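User: I have a model open and want to learn how to read its features. Can you take me through them one by one?

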Amino acid sequence: MPVRGSLVSDLGLVPEVWLFLSLLGCVTIFFKFSRVWSVRNLDLLLLFALVPGMMLIVGDQVHPPWFAFLWLFAGSAACLTRCLLDLGLVRRPLLEPNLNASGLLCLSVGILGLLLAETLSLPVHDGALRNPAEPAGRDGRQPSSERDHSADVPVNQVIGQLLPDSLKQEPAQVVLSRVLAMLAHSALVAAFMLIGWRVFDRPIAGLSMAACYLLLPYTRMAVVDSGQLISAALILHAVCWSSRPSLTGVLIGLAAGWIPACLGLIPIWASFYRGRGTVRFLIVGCSVAVVCALLGASIPELARWARALGARSIAEAGLLPWLEPKSPSFWAAIDTAFRLPVLIGYLAMVVVLTIFPGRKSLAELIALSAALLVASQFWYLDKGGTLVLLYLPLVILMMFRPTMVARRTVAAPLQPATTRN
């Protein structure tokens, strides 16, 4: 659907044209034409596998076709399989992008500027209509065809009808949500740069990951979804500072407190620090997550503020099996009793991946974290399958990472040279 009042749509880039340009841009920059059947090329195509389902939901968020959620589940299953297969892809060929570092930097800065400007200027109604993962509590809005777009003004002048009645007189919440979304976009790009420089030892890899993230269509679909963006930025910075268990405990704990789908990351990351800070990570991570839950349960006003800023609740996530979906989702057309085996299977997956492999490398940690976040979409009650930005940065890290075996292997001591008689 054309989105009015935004910087990019005013240039004539309707979603279909913008989708084609983003696909063309990714293929032009990252596709390896000399190695057509390389894993990198397959990964690029996999990144766009969820787009048809997302576009169908954006086209009609009031009554989206159930087939769209089925498509998202099939694409998520393919992505989950790719994450698990990455555990066996130890060695990676050195695949440089088709654009040099200066071009990637110019492209990333330019697109980031457009996204930040659109995040600030996009009308409230349009920001919700283009986001398939918009929380159910904000779905009280009219379709764009039935609204008077002439009344759309920048977010700092209107609240709109998507917020609950108790929040319509609180414009500061909407403004703060947009500011947080802008900061999260910037933090994600900065994390890609830092990981490429500090972790991968290849600054051009950081530029490539940032450019890929900014070009993908999911980034613009959820451009104002501060809930997904904040959690994704926290997880990505935890990867960047993975050598500090206490700091990563704070970051992962905050991500789990913000979106419950991240709770499965705590045992996986604890097993990564086995014998090297597990206790510190568990104490800090669990304490932060529990404090966030207690604050939300004991202070209703704080919970409403967090919800207005994009946080998801346990009820929206579906961790309470007896709840019914409040918005269109995959489970709206199926008896929710079937979600219980899915939840049990997910918990079993968390236990197995926590135990095996026993001593995880950072590359394996990235792949396993992405796999758990993708798997959480299958039991997520409210619009499961649409929270793509939650795991997209980790999937991009998994795609562009170089060979990282040396980061886990301990060098053998030098043997004294033998002398011949």
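Predicted model: local features only at pLDDT ≥ 70, side-chain atom pairs only at ≥ 80, totals over all residues.

User: Which aromatic residues pair with F272?

Analyst: One partner is W269, in an edge-to-face pair with 6.4 Å centre to centre and 70 degrees between the planes. W269 is buried, and so is F272. The rings of F272 and Y273 also pair. Their centres are 5.1 Å apart and their planes are at 70 degrees, so this pair is edge-to-face too. Y273 is buried, with a relative accessible area of 1%.

User: How are W269 and F272 placed along helix α13?

Analyst: The general idea comes from helix geometry. An α-helix has 3.6 residues a turn, so residues three or four places apart point the same way. Now the case here. W269 and F272 are 3 residues apart in helix α13, about one helical turn.

User: How many aromatic pairs does the whole structure have?

Analyst: The search finds 14 aromatic pairs. Ring pairs also link W66, F73, F330, W331 and F378 into a cluster.

User: Back to α13. How many of the residues of α13 are buried?

Analyst: The count is 7 of the 8 residues, so α13 is largely enclosed by the rest of the structure. The buried residues are L265, I266, I268, W269, A270, S271 and F272.

User: What covers the buried residues of α13?

Analyst: The cover includes α11 (226–240), α12 (245–258), α14 (278–298), α17 (339–355) and α18.

User: How do I read the packing of two helices?

Analyst: Two packed helices are described by the angle between their axes and the distance between the axes. Take α13 (residues 265–272) and α18 (residues 362–379): their axes come within 10 Å and cross at roughly 170 degrees. An angle over 145 counts as roughly antiparallel. α13 and α18 are therefore roughly antiparallel to each other.

User: Which residues of α13 and α18 meet?

Analyst: From α13 come L265, I268, W269 and F272. From α18 come L362, L365, L368, S369, L372 and L373. By class, the contact has 9 nonpolar residues, 1 polar and no charged.

User: At what angle do α17 and α18 pack?

Analyst: They pack at about 170 degrees, and their axes are 9 Å apart. α17 and α18 are therefore roughly antiparallel to each other. On the α17 side, the contact uses R339, V342, L343, Y346, M349, V350 and L353. On the α18 side, L368, A371, L372, A375, S376, F378 and W379 take part. These residues divide into 12 nonpolar, 1 polar and 1 charged.

User: Now a serine. Is S231 buried or exposed?

Analyst: Check its relative accessibility. At 0%, S231 counts as buried. S231 is found in helix α11.

User: What is S231 in contact with, leaving aside its neighbours within four places in sequence?

Analyst: S231 is in contact with A255, W258, I259, C262 and L390.

User: Next, cysteines. How many disulfides does the search find?

Analyst: The search of the whole structure finds 0 disulfides. A disulfide needs two cysteine sulfur atoms within 2.5 Å. The sulfur of C26 is 4.7 Å from the closest cysteine sulfur, in C212, so the two are too far apart for a bond. C212 is in no disulfide either, with the sulfur of C26 as its nearest cysteine sulfur.

User: Are C26 and C212 buried or exposed?

Analyst: C26 counts as buried, at 1% relative accessibility. C212 is buried as well, with a relative accessible area of 0%.

User: Where is P402?

Analyst: P402 lies in the segment after α19 (388–400). At 15% relative accessibility, P402 counts as buried. Now look along the chain. P402 and G196 are 206 residues apart, yet their C-alpha atoms are separated by 9.7 Å. Leaving aside neighbours within four places in sequence, P402 is in contact with R92, F200 and R202.

User: Zoom out. How many helices and strands does the chain have?

Analyst: The chain has 19 helices and 0 strands. Buried residues make up 52% of its 421 residues. For contacts, look at sequence separation. Among contacts with a separation of 6 or more, 77% join residues 24 or more positions apart.

Technical notes. Residues numbered from 1 in each chain as written. Heavy atoms only, no water. Buried < 20%, exposed > 50% of the residue type's maximum accessible area, 1.4 Å probe, protein only. Axes fitted to C-alpha atoms, helices over the stretch in contact; angles between N-to-C directions. Helix = DSSP H or I, 4+ residues; strand = E, 2+ residues; numbered from the N terminus. Parallel < 35°, antiparallel > 145°, perpendicular 65-115°, else oblique. Contact = heavy atoms within 4.5 Å. Nonpolar A, V, L, I, M, F, W, Y, C, P; charged D, E, K, R; others polar. Phe/Tyr/Trp six-rings, centres within 6.5 Å; stacked < 30°, edge-to-face > 60°.
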